[in-house]
Amino acid sequence: TTIEDEAGKIPLNKLVNGEEYNPDIKEILIRLLGQPEFGLDERKAAEIVDAIKDWIDTDEEVTGYGAETSYYFSLEQPYEAKNAPLDCIEELLMIRGITYELFAGTREKPGLGQYVTIYGTGAININTAPKMVLRALTPDITVELADKMDEYRRSKSNNLSSVDWYKKVPGMESITIKPELIEMVKSNYFRIYSTGMADKMEQTISGVMQRSPFQIMSWRQD
């Protein structure tokens, strides 16, 4: 069984405020997709973020390099842009520019689905955020610094109860992450993967659980 904290991921449904961008989440997403591991150039990363925004926002106005219903109707199997928040993370596969490889990853590349969530208040829990999400919080956090942050938070002797604990990490003293992006988050949503095996058969079930009040938010059998 594997458990992932959804509060450490980028909250996609907070990318939009009504019809307008949330500029902080936009920048984080572009930085995430622009990391070398994904193999995308800056233009392609911006296109994908615009398309996610258009899928979620409430209008039919195309944002930058994004896509609305006019594009999706031109496909071989046409459908409408949702123009509403995502209900599941797999919905990303319906959005222009997001291939299965980009979403799920390969042996050589990470998958976008590992680093984003439909849940959350807009703040990210840096106590549990994957290292690629840490690097996306500000352009000043390098691969090396993200590794040091991860090493620091894994040590049981270090106190992570203050939101600015990261400034105690060597090399991070002069770097500031916007406080509103990493306010103290009490993790309330967790994704659980459980695999059962019998003889040569194997089956995996995944689901998202809300801690308080306890509720199963979603589940699927692979």
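Student: Why is Trp-55 called buried?

Tutor: Buried means under 20% relative accessible area, exposed means over 50%, and partly exposed lies in between (1.4 Å probe, protein chains only). Trp-55 has a relative accessible area of 2%, so Trp-55 is buried. Please keep in mind that this is a predicted model, where local features need pLDDT of at least 70, side-chain atom pairs count only at pLDDT 80 or more, and totals for chains, interfaces and linings use all residues. Residues are numbered from 1 along each chain as its sequence is written, and side-chain values use heavy atoms, with hydrogens and water left out.

Student: How many aromatic pairs does the whole structure have?

Tutor: A search finds 6 aromatic pairs. Rings of Phe, Tyr and Trp (its six-membered ring) pair if their centres lie within 6.5 Å; planes under 30 degrees apart are stacked, over 60 edge-to-face, and the rest tilted.

Student: What makes the pair of Trp-55 and Tyr-79 edge-to-face?

Tutor: Their ring centres are 6.1 Å apart and their planes stand at 75°, so this pair is edge-to-face. It links distant parts of the chain, 24 residues apart: Trp-55 sits in helix 2 (residues 42-56) and Tyr-79 in the loop between helix 3 and helix 4. Helices here are DSSP runs (H or I, at least four residues), as are strands (E, at least two), numbered from the N terminus.

Student: And why is the pair of Tyr-72 and Tyr-79 called stacked or tilted?

Tutor: Stacked, because the planes of Tyr-72 and Tyr-79 are at 25°, with the ring centres 5.2 Å apart. Ring pairs link Trp-55, Tyr-71, Tyr-72 and Tyr-79 into a cluster.

Student: Are Tyr-72 and Tyr-79 buried, partly exposed or exposed?

Tutor: Tyr-72 has 0% relative accessibility, so Tyr-72 counts as buried. Tyr-79 has 22%, so Tyr-79 counts as partly exposed.

Student: What about Glu-80, and where is it found?

Tutor: Glu-80 is in the loop between helix 3 (69-72) and helix 4 (100-104). Its relative accessibility is 54%, so Glu-80 counts as exposed.

Student: How many salt bridges does the structure hold?

Tutor: There are 12. A salt bridge is a side-chain nitrogen of Lys or Arg within 4 Å of a carboxyl oxygen of Asp or Glu.

Student: What makes Glu-47 and Lys-44 a salt bridge?

Tutor: The closest N and O atoms of Glu-47 and Lys-44 are 3.7 Å apart, and the limit is 4 Å. Glu-47 and Lys-44 are 3 residues apart in helix 2, so about one helical turn separates them. Arg-43, Lys-44 and Glu-47 are linked in a network of salt bridges.

Student: Asp-150 forms a salt bridge with Arg-153. Is Asp-150 buried or exposed?

Tutor: Asp-150 has a relative accessible area of 10%, so Asp-150 is buried. Arg-153 is buried too, at 13%. In their salt bridge, the closest N and O atoms are 3.0 Å apart.
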